[in-house]
Amino acid sequence: MSFQIKYVYDLVDKLSPQLKKIQGNLKKTANTVSHSASKISRSFSKIHTSVKRTAKGMEDFGRKTRNIGANLAPFSLAVGGMGILALRSAANFETLKLKMGVLTGSAEKGEKLFNSIVTTAAKTPFELKNLSDNVTKLLSFGSTAEGVIDQMKMIGDVAAISGGDMNGIIVAFGQAQQVGKAMTRDLLQFVNNGVPIYKMISEVTGVASSKIADLASNGQITFDILTRAFKKATKEGGMFANGMDKLSLTLTGVFSNLKDSIDISLGQLGTELVKIFDLKNLVVSLSDAITNLAEKFNKLSPRTKKI
């Protein structure tokens, strides 16, 4: 037997336990895949009839995977594709949780905040990643873990109706929070994003809109005044009340919510797959096995390697 063939046999022997573990655990994913497929199907059912047919197909796929041991071949490609997407979503979720944990000062607060963001994303026209990025910005500007979601919802209602860039509004709001007052540049940034900030501040201060710029120049518009202006404009009866809810009923909002529902379902599926397969330890074991064989091969003489 040549060395190269022996080397391949050694490699197979090293990897076989890990591969058998994958095969043995595959059946355990059936119920998890079925559950997630059903959740995704329910989201799709809200759209076009053709999409409903797709959803039904996914439900059928979920039921059939319960017999995956006997019918593995016809579904292996579909399972693999869904698995890859699910693991990718789960990895993104884990990264976001880690980021929130760092910014809030504890893993527990970070996970709680992340779950709040997920819940908000599922009900609003803004996507999960954008909301996470905006929460990160607000926390960087000094928002608390306990109050940041309410701030984001308030700003989201304004952005939804004004049509302005939520990121731009958050930057202006955050800058004012960081220094404790809204400066002229902040007010101009609000205006550039379609926010009638002069009128909003006038309604909570009693000062004419034409005089607001002077107050800003003198540093008299405190962050408390700015916050009260946003709260008044977004509460019941305000010009931006329930802005995100209203936008979520539009076609754009419906599709955004659909995308988030799918991403969230895939993320939950991926998290379960990681647990079932013990993927982190499995990948480490595979990596160690391959590295070990590669090191042994590299130590061989050039002549032996050519055998």
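The model is predicted, and the chain in it has 16 helices and zero strands. Of the 307 residues in the chain, 40% are buried, and the accessible surface comes to about 16800 Å², of which 56% belongs to carbon and sulfur atoms. Among the contacts with a separation of 6 or more, 68% are between residues 24 or more positions apart.

**Helices α5 and α6**

- Helix α5 covers residues 107–123 and packs against α6 at an angle of about 135 degrees, with the two axes 9 Å apart.
- Because angles over 145 degrees count as roughly antiparallel and 65 to 115 as roughly perpendicular, α5 and α6 are described as oblique to each other.
- The crossing of these two helices, α5 and α6, is right-handed.
- On the α5 side the residues that meet α6 are Leu113, Ile117, Val118, Thr120 and Ala121, and their partners in α6 are Leu128, Leu131, Ser132, Val135 and Leu139.
- Sorted by class, this contact between α5 and α6 has eight nonpolar residues, two polar ones and no charged ones.
- Thr136 also belongs to helix α6, which spans residues 128–140, and it counts as buried because its relative accessibility is 16%, where the cut-off for buried is under 20%.
- Once neighbours within four places in sequence are left aside, Thr136 is in contact with Lys99, Met100 and Leu103.

- Ile155 has its place in helix α7, and with a relative accessibility of 0% it counts as buried.
- Apart from its neighbours within four places in sequence, Ile155 is in contact with Leu138, Met166, Ile169, Ile170, Phe173 and Phe230.
- Ile155 and Asn167 are twelve residues apart along the chain, and their C-alpha atoms are separated by 9.7 Å.
- Ala159 lies in helix α7 as well, a helix made of residues 148–162, and its relative accessibility of 4% means that Ala159 counts as buried.
- If residues up to four places away in sequence are not counted, Ala159 touches Phe126, Gly164, Met166 and Ile169.
- The C-alpha atoms of Ala159 and Val195 are separated by 7.9 Å, although the two residues are 36 positions apart along the chain.

**Helices α8 and α9**

- Helix α8, which runs over residues 166–179, packs against α9 at an angle of about 160 degrees, and the axes of the two helices are 9 Å apart.
- Angles over 145 degrees count as roughly antiparallel, and α8 and α9 are therefore roughly antiparallel to each other.
- The crossing that α8 and α9 form is left-handed.
- From α8 the contact involves Gly168, Ile169, Val171, Ala172, Phe173, Gln175 and Ala176, while α9 contributes Arg185, Asp186, Gln189 and Phe190.
- By class, the residues in this contact of α8 with α9 are six nonpolar, three polar and two charged.

**Helices α9 and α10**

- The axes of α9 (residues 184–192) and α10 (residues 197–205) come within 9 Å and cross at roughly 120 degrees.
- Here Leu187, Leu188, Phe190 and Val191 of α9 meet Ile197, Tyr198 and Ile201 of α10.
- By class, the contact of α9 with α10 consists of seven nonpolar residues, with no polar and no charged ones.
- Within α10, the buried residues are Ile197, Met200, Ile201, Ser202 and Val204.
- The cover over the buried residues of α10 includes α9, together with α11 (209–217) and α12 (223–234).
- After α10 comes Gly206, which has a positive phi, near 80 degrees.

**A loop residue**

- Asn242 is found in the loop between α12 and α13, the latter covering residues 243–248.
- Although Asn242 is not a glycine, its phi is positive, at about 55 degrees.
- With a relative accessible area of 33%, Asn242 is partly exposed, which means that its value falls between the limits of 20% for buried and 50% for exposed.

Technical notes: Residues numbered from 1 in each chain as written. Predicted model: local features only at pLDDT ≥ 70, side-chain atom pairs only at ≥ 80, totals over all residues. Heavy atoms only, no water. Axes fitted to C-alpha atoms, helices over the stretch in contact; angles between N-to-C directions. Helix = DSSP H or I, 4+ residues; strand = E, 2+ residues; numbered from the N terminus. Contact = heavy atoms within 4.5 Å. Nonpolar A, V, L, I, M, F, W, Y, C, P; charged D, E, K, R; others polar. Buried < 20%, exposed > 50% of the residue type's maximum accessible area, 1.4 Å probe, protein only. Areas by Shrake-Rupley, 256 points an atom, 1.4 Å probe, with all protein chains shown as cover. Parallel < 35°, antiparallel > 145°, perpendicular 65-115°, else oblique. Left-handed = near helix turned anticlockwise from the far one by under 90°.
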